Amino acid sequence: MSDIKKYLVGMFDDDDVLLHAVSHIRGAGYEITDAFTPFPVHGLEHELGLQPTRLHTAGFFFGATGLTVALSMIFFINKFNYPTDVGGKPFFGLLAYVPICFEHTVLYSAIGMTVSFYYLCNLYPGKTPKIIDERTTDHLFSLTFDLENRDAAYISAVTELLKKEGAIEVYQKEI
Amino acid sequence: MSSHFESPIREPLILGNKTWKDVTRDIVKPTTGKLQPKWLFWTSIAATVASFGVFCIAWEVAFGIGTWNVNKTVGWAWDITNFVWWIGIGHAGTLISAILLLFRQKWRTGVNRAAEAMTIFAVICAGLFPVFHMGRVWDAFFIFPYPNTRGPLWVNFNSPLLWDVFAISTYFTVSILFWYTGLVPDFGTVRDQSKTSGRWKFYNFLSFGWIGSAKHWERWESLSLILAGLSTPLVLSVHTIVSFDFATSVIPGWHTTIMPPYFVAGAIFSGFAMVLTLMIVARYVMNLQDYITLAHIESMNKIMLLTGTMVGIAYLTEIFTAWYSSDPYEMYSFANKSQGPYWWAYASMMFCNLVSPQVFWIRKFRRNIALTFCMSIVINIGMWFERFVIIVISLHRDYLPSSFLYYSPTWVEVGTFIGTIGIFMTLFLLFCRFFPAIAIAEVKAILKVSGDKARVRQLEEVKDEKAYENITVTSGAWDH
C-alpha cells in the first residue's frame, strides 16, 4: 500500500514524564506527529500545541437547531395546520411546549455532537486502525515522529533526546 | 509528581497496589476465556423468565387488554406502576455518570459503566409497558408527530403523555450515546488484549478502530463533558415529566405540585438501590472488590439515605397538604391510602422508604455489605409500592361509590412484570460477560492520585506537616 509510513516511536511509562518530554522536545524544535495514551492525559493537547476542540461550539448550534425545529413545527401545527379550540385557550401556548422543546434541544445537540466526534476522528465500525504499539491502550504512552524525508542525523538526534527525556524504549516502525 | 494534591487520609478508591497494567488485566479478564457454567446457569434462568414475559406480552397482544384487570375505575394499574418503577431505576446511571462527573466525584469511575448499562436496560423494560398498554400495539407509531392522512390529525403537544414520549425517547438515545462513547476506548483496550483473530475483529468492530491519539482523547473528553452537562438537566426532566402524567390531572392524590421533586428524589433512591443490588453481586462474581470498594458502597448508601429521607418528607408533606387543603376529596384520598383496603401497601411504602434507610446514619451499617444488599432489595420493593400507592389507591375509589372496587392483577400482568425482570437480568449478564464492566480508561486516569499506593506516597510528601505527624498510612490498611 502506498500510505505506509515510517515512524520513530518513543515509549514512556509515566504520564508526567511524558508531559515534560513533550514540552522539551517541542522546545528543541522537533515536530511530534502524534501521541498515544491509554487514558486522557490532562494538558497533553496543550503541550502538543493542538488547537482546542470546537466540538462544544458545534454542540450549541446543533442544540439551537433542535430548539428551532421543535418550536417551528409545533407553531405550524397548532396555529395553522390543525388548530384545536380547547375552552378558548390560545392555539400557541408557549409554556406547555417547554418540555418538548427542551428535550429536542438536548436530543439534537447530543446526536449532532456524537456524530461529529466520530466523523472528525474518522472512527467508524469496521475500521482497520493503524496500531503503532498495542501497549498504548494498556499501560504505556508513546510519541511518534514521521520519518518521511528525514535523514539519519535527525533520527539519531531525536532518539538521543527521547532517551534523555526518560523514554523506556525507542524504535522505528513501518506501518 | 501527582497532578494535584489529595489528602492522604482520604479513603483510596482503588485498592490492591494496582498498576495500570493490573487494571487492564483485571477488568478485561471476565470477558475472556470459556463461558463459565455459573454464568450459563444464571443467564439461562434469566432468559427463561424473559421468555415467559414475552409469552405474557404475546398473550396480551393476541387477546387484548381485557386479559389485564384494568377497567373503567382503575385504568392504570400494574403496567404504569411498573413503567414508573423501571424508569426510576433507570435514573441512577446517568446521575452517577453525568451529575457526579460535573461535581468531580471520582468514586463514580468504579461504578458508572455498569450503572449506565443498567439505566439503558431499565429504560428498555420501562418502555414496554406504555407501548403494550396501547392495546393495538401495531399502531404504536401514532404517538409520533408525522404528516398523515387522518386530517392531518397531530399528536397533542399540550399533553404530558406526549411530553413523556419525547422525554423517554430522548433520554434513551442520549444515554446510549453517552454510554457507548465511554465504551469505545475500553473496547480498544479489550481488542489489544485479544489473543484470537475472531475476538480481535469483534472488539475492533465495537471500538470503531480506536487508537488513543491525543487529539481523539481531547475531543472525547470535551464530548463527555458536554454530554454530561446535557444529561444533567435531562435526567431531572425525565422523571419530572413522568410526574406530570399525574400532577397535571385533577385526580385527588395526583394533583399536587410536590410531584416533580418527589419523583426525582424517588427515582435516584430506587436507582441507587438497584445499582447496589447488582454491583454487590457483580463485585464478588467478577472479583472486582479492588475497584468497587467499601468506600463506593458507603457513598451510595449516603445518597440513598439522603434521597430516601427526601422522599419520606414528601410523603409527610402530602399528608399535611391534604389536611391543610380542607378539600374533602383530597382528605379522603389520603385517609383511604393509610386506612383503606390497601393500607398494607401504604404501610410497606412508608416502612421501606422512610423508616428503613435511617439505619444508614450509622457508619458501621453503611459499610456492612450484607445489610446494604438486603436494604437495596427492601428499597426496591418499597419504591414499587410507592408507585402502586400513587396509581392504584388514588384510582380504585373514584367519585362514584358504585364504581369502587378492589383491584388485583391477573397472571398476565404479573407475568409481564416478572418477565421484564428477566429481560433486564439477561441483558445485564450479557453486558458483564462481553463488555468491560468498569470504565478502564477512567479508572486508570485516577489511579495515580486516588489509588492506595498514591495515598502512601502522598503521606510521604506531607508527613513533615504538623497535622499529619501522628498519621500512618500503609498499603493494605483499607478493608474491602
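Here are a few questions and answers about how the parts of this predicted model meet.

Reader: Into which domains is chain B divided, and how far apart do their C-alpha centres lie?
Author: Chain B is divided into domain 1 (1–18 + 451–480) and domain 2 (21–148 + 157–437). The C-alpha centres of domain 1 of chain B and domain 2 of chain B lie apart by 36 Å.

Reader: How many salt bridges are there between domain 1 of chain B and domain 2 of chain B?
Author: Let's begin with an example. Arg367(B) forms a salt bridge with Glu11(B), with 2.8 Å between the closest N and O atoms. Between domain 1 of chain B and domain 2 of chain B, the count of salt bridges is 3.

Reader: What area do chain B and chain A bury between them?
Author: The contact takes 57 residues from chain B and 62 residues from chain A. Carbon and sulfur atoms give 68% of the buried area. Between them, chain B and chain A bury about 5500 Å².

Reader: Which element gives the largest share of the side of chain B that touches chain A?
Author: Across this interface there are 24 residue pairs in polar contact (both at pLDDT 80 or more). The elements of chain B that give two or more residues to the side touching chain A include helix H1 (20–28), helix H8 (214–247) and helix H16 (440–450). The largest share, 17 residues, comes from H8(B).

Note on methods. Residues numbered from 1 in each chain as written. Chains lettered and ligands numbered in written order. Predicted model: local features only at pLDDT ≥ 70, side-chain atom pairs only at ≥ 80, totals over all residues. Heavy atoms only, no water. Domains from an automatic or database assignment. Salt bridge = Lys/Arg side-chain N within 4 Å of Asp/Glu carboxyl O. Contact = heavy atoms within 4.5 Å. Buried area = accessible area lost by both parts, 1.4 Å probe. Polar contact = N/O pair within 3.5 Å; in protein donor to acceptor, adjacent residues only side chain to side chain. Helix = DSSP H or I, 4+ residues; strand = E, 2+ residues; numbered from the N terminus.
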